[in-house]
Each structure stands twice: as structure tokens, then as C-alpha cells.
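Please find below a colleague's note on the structure shown here. It is arranged as numbered points.

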Amino acid sequence: GRLSFFLKGKLKGKFLVKAKYDTSDKRSALFTNLNPNDYYPIYGDNSTRDYQAQDTAQKLFVLVEMDRSYAQWGSFKTGFTDTELATYNRTLSGLKVNFDTVSTTAYGDPKRGFKVFYADSDHRADHNELYATGGSLFYTRNRNIVEGSEKIRVEIRDKIQNMTVASYDLQEGTDYEIVYGEGRILLSRPLSSVAAADTMTSTDILDGSPVYLIVDYEYDPNSSDPSITNQGVRAYTWMGDHVRIGATGIQEGRPGSDYDMVGVDAMMKFGRNTKLTAEYSRTINQQMGTSVSYDGGISYADLSSLRGENTKPQEGAYLIRGSSEPVKGLEASGYVQGVEPTFSNSYMRDQEGLKKYGLATRYKLTDDLAARYRFDHSEVIGQLMPLDGQGIEAPYEDLGTHTAQIVYDDGQY
């Protein structure tokens, strides 16, 4: 026999409910992507086809929405991306609750909110960084990718400090096509190896900031490993209109070696042009596998954690960023960052074991003429020194750079 139903409606005039159950549903996809080779009828009227209720790896899907908040049983992206250190962006199937107040600050941000999720997963997560080759074909390290689990973005990194300066997400069907069983990604257009940089001097053959294709996904390990319990909470509140504080907690219940992350953060806004953020986070064990490829995915190198003589099982990272326009025509920004060995959030592996700080200013002399100055400093963290004694290779132990420019831009090029 078979039992199935689908319903959609409002409760008490404010709760929008969507639910589906089907005992014969044997799909394992987390999200359903439309196949361009399949037939999708068009009825010629105002009717639409809704596939959201299929976004679940279980037989049951439930979504209850109210204002900006919702509770869901089904497939979801954890979406813990409000901060840079305490990030956790997995694709799972289970329970997720997201609450944001309707009331907002003077800047339009919800005054308080929280996210909670819980899921059991038989899949494993992987993080691949592929240096842009100038082509459009790339391969992931693992095959048997779970359908709908991929999150692909282009990341541009500063050529001096190798820190991310810009990124944008790619959309399946519009920006790329993917063959899940083969781990093959075909972009709709070639991806250049470099992007325009704000400095004119360079010692590289190609002048510009390096570009990477970042792929996060879930895959089927084809093993009998037990399922892993994933749970997390993220909460924040605004203290008035200018100060926000938040906290994040993540736990993966792995056999014998749980992954744990805790983090706190604060943000201050003063007017439209001044912003200051501060974060601190600690982790135990590695969040997910991380690897890098420089040939489009033909070969990969694992980015394993660094470890010194005094490295502890639990290590942390801190980050402070600020930007302001104190007077008309003057822009200033600065940062301080430190990432201790073994800290793991899958996004900071290339910054591990380094302390960095710097500042940048730009003064607009006329509409077409501006003066710029930038200072950056980077050094290997103390517990990894001396490098030769730890068996670690690095291009430098201590590096400082000064950059000064006069820039003329009339907008014609």
C-alpha cells in the first residue's frame, strides 16, 4: 500500500503551512534541480508548479512560515555565514528553525533573532579550492556528490595578503551545470585566473588578484560509517541601533572525535559610513576535508592542519575589521587577524598559523584624481617557530609592505 498527501494553507490567518508525505518516496537528493532534458508542461494560464515540498531526503516535508520566521523539517542550508570565523555552511536534511523580529533598527536590520538546526547525516562534507585556469571545466575531488548539496562561488583574494576581498555565488543552470556522479562542473563562461587589483605594482607574470572557484558539497562515502549528528545554534541581539552582539555554537557527533566550535562576535555601526566588527572563535578537530587544485581538479593537494610543539587540541582565531569615512573625501579601513594552528572552519585554512594587520586610506583630491596608501604586515605565529625545527615550510617568517599611489581615473576606460 501507499500513503501520501500534500497540503498548503493558512492557520489562524498568519501561519503559512506547507507539508508533504509519501511512503513511496525513495529519493536521496537534498534539493531537486530541474533537468533541462526532462519535459515540464506549460499550461498557458497563471498556474505554477511548486517543487519545494520535494526538498527533503526523508519522506516527510513540513514548512511553517510567519513574517520573517519559519520552522522546517526537510532539506536546508545551515547558513551560519553572518560572521567570518564561526562559519558553518553545510547542506543537511532535518529540523531548522529561523526567527527574526519584525521590528528593525534604524539601519533596517532585525533587532534580534536566532537559528537552530538538528540533523543526522550519512554523507560527508568536502571543501575544494580550484585556482581559476582561464577555462570553464573543473572537477571536484570526490565523486558521488549528493544532488542539490553543492554551494559554488567565485572568490577573489588580495595578491599581497591572500585574504578574500570579494566573492559571489554561482547559480545552477544559469552560471554552471554539474554532473553529480562524475563531480564535473562546467561553467557557462571561462573563469579568468586574475581579477583587477587596486595596486599597479606586481612581481607576478599575470598582474592582478588571484581568482579561485570554491566548491562546498556533500558526498556519499560508499562506506558503512555510522551517521553523524549535526546540531548548532546562532543568536544575536541589537543593543539599541548601533551595537550588535552574537554567539554561535556547533557540534558534530563523530565517533570518538567530535567537532566543536564556539564563537562570539560584536558589530558597531555609527552612521552610514562607519562600521567596526570583532570576532573570536575556538574549534576542536577539523570541520571538513580541505584541498586545493591548480590544474582544474585533475590533481589535488590536501591542506592539512599545522601543528607546533605547543599546539593545543583546542585553538582559536580572532578578527577585528573597521572602515570609516571620517571626513568628506577620505576613506580609511584597517584589520587585525590571527589564526592559531589547528583552528578549522573550512574557510580560513590558507590563513592558519599567521598573524596579520594592516590599514588602507584613500583621499579623493578631485572627481578624477585620488591618493592611496596601504600598509600590510604578516608574520608566522610564535608556536610554529622556528620553522625548520617544526618541519614547516613558509615563504617568509615576517613580511611588511608599503604601497603608495596617485590614481587618475576619468571613467573612460
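1. Basis. This is a predicted model, in which local features need pLDDT of at least 70 and side-chain atom pairs count only at pLDDT 80 or more, whereas totals for chains, interfaces and linings use all residues. Residues are numbered from 1 along each chain as its sequence is written, and side-chain values use heavy atoms, with hydrogens and water left out.

2. Confidence. The chain has a mean pLDDT of 88, and 92% of its residues reach 70 or more; pLDDT is the predictor's confidence in each residue, from 0 to 100. Confidence is highest in strand 8, at 97, and lowest in helix 1 (residues 387–390), at a mean of 74. Helices (H or I, at least four residues) and strands (E, at least two) are DSSP runs, numbered from the N terminus.

3. Largest nonpolar core. A nonpolar core is a set of buried Ala, Val, Leu, Ile, Met, Phe, Trp, Tyr and Cys residues joined through side-chain atoms within 4.5 Å, where buried means under 20% relative accessible area, exposed over 50% and partly exposed in between (1.4 Å probe, protein chains only). The largest one has 20 residues, and Leu187 and Leu213 have the most contacts inside it. At least two residues of this core come from each of strand 9 (151–157), strand 11 (176–179), strand 12 (184–187) and strand 14 (209–219). Strand 14 gives the most, with five residues.

4. Aspartate 126. This residue belongs to strand 7 (residues 124–131). Is aspartate 126 buried or exposed? Aspartate 126 is buried, because its relative accessible area is 1%. Its side chain makes polar contacts with those of asparagine 128, at 3.1 Å, and tyrosine 217, at 3.0 Å. A polar contact is a pair of N or O atoms within 3.5 Å; within protein, one must be able to donate a hydrogen and the other to accept it, and residues adjacent in sequence count only if both atoms are side-chain atoms.

5. Three strands form an open sheet in the order 8-12-11, with antiparallel pairing; two strands pair if DSSP finds at least two bridges between them. Strand 8 (137–139) and strand 11 stand at the edges with a single partner strand each, so one side of each is left without a neighbour in the sheet. Strands 8 and 12 pair over three bridges, and phenylalanine 138 stands opposite isoleucine 185 in strand 12.
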